[in-house]
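I opened a new notebook page for this structure. My plan was to look up a few contacts and write down what I found.

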Amino acid sequence: MAILSRGQITLVNMGDMMDLIDQHIAYAWSPDGKDRFTRNWSENLLRYSNKSIVQSTIGRTTYTPSYDDLATIFVNDGKGIVLEQGEKYTLSFKYNIANYNNPKLTSIGYGLGMSAYAGEYWIDTYATANSYETASGQITLTFTANNSGGKYPCLAMRALRWNEGVSFEWTETDAPYITITELSLVKSTGNDVYVTNPQDDYDNSTPRYIGRSLKDSNNPADYKYEPNPERKPWVSYAQGVNGEGLSFMPYGEQLQLGTNQPFTMGYGISNTAWKDGWAYLDTKPENTAFSNEILPQNGMFYNFVPENGKTYTQSIRIKTDAKYNPNNSADFTWYTSDGHNRQKASILPLNNNEYIIYSKYTWNKTGIALRAFDIFDLHTAFGFRDSTATYLAFKEPKLEPANTMGIPTPWTPAPTEDPLGAIPKYVGTAALPYEDPYKYEWDLNPSWLQQESNNNLANKVDNDTYNNDQSNVWTEISNRVTEEEAQAIQKSLDRITGAYTDFVSTGGKHDQDLANLKSAINTDIQKLADKVLGYDFVNTWFRIGDGGLSIGEANSNFELLISNDQITFYDSGTAVAYVSNQSFFINSGMIVDDLQIGKFKFAKVNDNLMGLFHIA
């Protein structure tokens, strides 16, 4: 919009004008507002609320409710939480009571208290208004924190209590127990949707989108949405900057050994054959209908012992031209020597007739091995028993700890089998978890760089071998180098070390420093190519291994590693900077005076001011 005033034109930013208009705000997890639309959103202050809380009475046979409660839950893993005096809070949770129809069970109430070292101050006492005569439901309580009586302000919740004054007995089979989910405490009058604590599951704690509307509306379609600026940047992972192996979650550790080797699937089908990296089967009718179960053969993938109480995800990639029926599903059996434990599997369609089938499960056994990748009823989701289907293939089985999104991450080998291959090479950041890899800013993963450095160090020639070779050739080459040549190369090495020290301490002054350094290194290495083994200081300055040429005094923290496609600087064994693909990368640095990019220059004006200048 333009405003005309006596020949002068003033431009007004429309965004500034919108700030002056009374806008209505909403939040959601999808750009159309349909996923968890809400007009009220506050942070859930309670940790671990994304896990179910089960309170069981089994083991108690006599119950006197005047002196006890069925469920007492100390939030935040027993550590409590500090409430602010006079502030308004809202507590909410869902509950489900097993064996509620026990005739000895009467109506239930709940309360909320401030627990101290001795005694309790009840924010809300048990009362008729708090009684719930249903086996399941949701409870919401809004209150003002009042830390009277000098009690310590740590929140404790007592949920779902029996009526006063009724004593009774039960057996283990009819003893009631309670499951509480979606426990939430927010500093407001309450959320319309349940959110997790950011430390437990950030993506489900903070809405992905914020919507604005001139209408006071509860209709998601009335809002215009954009990425929520209050969210932290989303971090994704990949093996390539073009999105190869893109994952919204950190790669899960491969727990099952041997998945980087050929394997065979069979029993319900004829045994597969290994073909082009797949366990492949020609789906002729006589090959596909022996049983409803398909599993690895020859005892493969039957040695990992999960930990009781931990949640795991197992997945496998499938390729087939059989018709996929999304209305049907298959199961992973989570088989042990105790028998099958069928759990519904999810199927994720990919491209080129490929799919990921996966299942998440919380382990409830101790000291017993899992037979992984055992699948039931796959033929109900994929019609490979039809005459129109021609092939069925499997690859990339993975067993990993479950993540907060409940999704499998790309296949990786076990760290003990391939430490570098188990780590994603790139880390990318974007406003949201986009499937388009080009919306991310990608950088080499520091963990991958560190592992590559470890591999390079492990592959270097050991000192004894190097010293023996040095002794054998010294007599032959000692006469080829003059004292003047040795001194000239020594000065070149000193210049390289000095330049590297500058980069680590200051980050370099500008791009020309990098160009000069790279040119100096290339020039000096060329000079050294035919003579380096002949210098008496080579034991101190040079190590040659599979990873390349390493330069640096043997006892120094500084080291320079030159390979075919990269120059890497190390400080105390950690890669802190490297040159690759005509670019310089450094973990951290400080520009002392100025930095020039093309014809633009950032320069220090004084200790408190920096300017951006255009260089003509």
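**Entry 1: ground rules.** I am working with a predicted model, where local features need pLDDT of at least 70, side-chain atom pairs count only at pLDDT 80 or more, and totals for chains, interfaces and linings use all residues. I number residues from 1 along each chain as its sequence is written, and side-chain values use heavy atoms, with hydrogens and water left out.

**Entry 2: salt bridges.** I looked up the salt bridges (a side-chain nitrogen of Lys or Arg within 4 Å of a carboxyl oxygen of Asp or Glu). The structure holds 17 of these salt bridges.

I began with Arg-39, which forms a salt bridge with Asp-216, with 2.8 Å between the closest N and O atoms. Arg-39 sits in the loop between strand 3 (24-28) and strand 4 (53-56), and Asp-216 in the loop between strand 14 (209-213) and strand 15 (224-227), so the pair ties together parts that are 177 residues apart in sequence. Strands (E, at least two residues) and helices (H or I, at least four) are DSSP runs, numbered from the N terminus.

I then checked accessibility, where buried means under 20% relative accessible area, exposed means over 50%, and partly exposed is in between (1.4 Å probe, protein chains only). Arg-39 is partly exposed at 24%, and Asp-216 is exposed at 58%.

**Entry 3: further salt bridges.** Arg-208 and Asp-203 meet through their side chains in a salt bridge of 2.7 Å, N to O. Are these two partners buried or exposed? Arg-208 is buried at 18% relative accessible area, and Asp-203 is buried at 6%.

Glu-307 and Lys-310 form a salt bridge as well, at 3.4 Å, N to O. Glu-307 is partly exposed at 46%, and Lys-310 is partly exposed at 42%. I also noted one network, in which salt bridges with shared partners join Arg-317, Glu-354, Lys-395 and Glu-396.

**Entry 4: a strand residue.** I found Asn-96 in strand 7 (residues 88-98). Its relative accessible area of 40% makes Asn-96 partly exposed. Gln-138 is 42 residues from Asn-96 along the chain, and their C-alpha atoms are separated by 9.1 Å.

**Entry 5: paired strands.** I counted strands as paired if DSSP finds at least two bridges between them. Strand 30 (residues 542-545) and strand 31 (residues 548-551) run antiparallel and are joined by 4 bridges. In this pair, Gly-545 stands opposite Gly-548 in strand 31.

Strand 31 is also joined to strand 32 (residues 558-562), by 3 bridges and again antiparallel. Here Ser-550 stands opposite Leu-561 in strand 32. Strands 31 and 32 form a hairpin with 6 residues between them, and Gly-552 in the turn has a positive phi of about 155°.

**Entry 6: nonpolar cores.** I looked for sets of buried Ala, Val, Leu, Ile, Met, Phe, Trp, Tyr and Cys residues joined through side-chain atoms within 4.5 Å, each set being a nonpolar core. Which residues have the most contacts inside the largest core? They are Ile-316, Ile-357, Leu-378, Phe-384 and Phe-394, in a core of 35 residues. At least two residues of this core come from each of strand 19 (278-282), strand 21 (311-320), strand 25 (354-362), helix 2 (378-381) and strand 27 (391-401).

I followed Phe-384 through its contacts (heavy atoms within 4.5 Å). Leaving out residues up to four places away in sequence, Phe-384 touches several residues, including Ile-269, Thr-283, Ala-322 and Leu-378.

A second, separate core has 21 residues, among them Tyr-223, Phe-248, Ala-430 and Tyr-440.
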